[in-house]
Amino acid sequence: MNTQTPDRRRFLTAASAVALGLPALAHAKADPYATSPYRKITDAEWRKRLPEASYQVLRHEATERPGTSALLNEHRKGVFACLGCGLPLFKSQWKYDSHTGWPSFYDEIPGALGKKTDTQLALEVRTEYHCARCLGHQGHVFNDGPRPTGLRYCNNGVALKFVPA
Ligand SMILES: [Zn+2]
């Protein structure tokens, strides 16, 4: 499936972040979770309540090693929710095998994610997304996904929990 060279892929990724225009959309509406108790949890408290790998991803935008998530093989019907606060983010029917080694989805539950432009990597502009409620980092969204959206939500498995239907 994935026949693109790394250079070609990088180019498409940078172009896609601009084309998506998602950060502007994210700020269009008032924040419905502004007063959520999850927003008041301190970094030290998050560290206590989350497994270390999940804490590093959710609270400090670390990236899990590809191919390590147990959720790669999760094919039951249900929802994938934020491990930090339990907000449902993705439905199981939107999950697909992107061959990247990270759980991947082509759509999101409306209102579940916030987004921002990520310039951590100098050569690549990416669109970061996070849980709209607790603001925990989940992954990055690219526009090389399958139909019907053409989007690829590339998610850290340790930031999610699966809830069977
Ligand atoms: Zn959350």
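A residue is buried if 20 or more other C-beta atoms lie within 10 Å of its own, exposed if 12 or fewer, and partly exposed in between, with C-beta atoms placed from the backbone. By that rule, 33% of the 165 residues of the chain are buried. This is a predicted model: local features need pLDDT of at least 70, side-chain atom pairs count only at pLDDT 80 or more, and totals for chains, interfaces and linings use all residues. Residues are numbered from 1 along each chain as its sequence is written.

**Overall layout**
- The chain has four helices and nine strands. Helices (H or I, at least four residues) and strands (E, at least two) are DSSP runs, numbered from the N terminus.
- Along the sequence the pattern reads α-α-α-α-β-β-β-β-β-β-β-β-β.
- Two residues are in contact if their C-beta atoms, placed from the backbone, lie within 7 Å. Of the contacts with a separation of 6 or more, 59% join residues 24 or more positions apart.

**Helix α4**
- Helix α4 spans residues 52-60, and its buried residues are Ser54, Tyr55, Val57 and Leu58.
- An α-helix has 3.6 residues a turn, so residues three or four places apart point the same way.
- The buried residues of α4 pack against α3 (43-49) and β7 (137-142).

**The sheet**
- Six strands form an open sheet in the order β3-β4-β8-β7-β6-β5, with antiparallel pairing. Two strands pair if DSSP finds at least two bridges between them.
- The edges are β3 (95-96) and β5 (113-118), each pairing on one side only.
- Strand β4 (residues 104-105) pairs with β8 (residues 152-155) over two bridges, in the antiparallel sense.
- Ser104 has Cys154 in β8 as its bridge partner.

- Most residues other than glycine have a negative phi, and most peptide bonds are trans.
- Glu61 is not a glycine, yet its phi is positive, about 55°.
- Glu61 counts as partly exposed because it has 17 C-beta neighbours inside 10 Å.
- His99, also not a glycine, has a positive phi of about 60°. His99 sits in the loop between β3 and β4.
- His99 has 10 other C-beta atoms within 10 Å, so it is exposed.
- The peptide bond between Arg147 and Pro148 is cis, with omega about 5°. Pro148 lies in the loop between β7 and β8.
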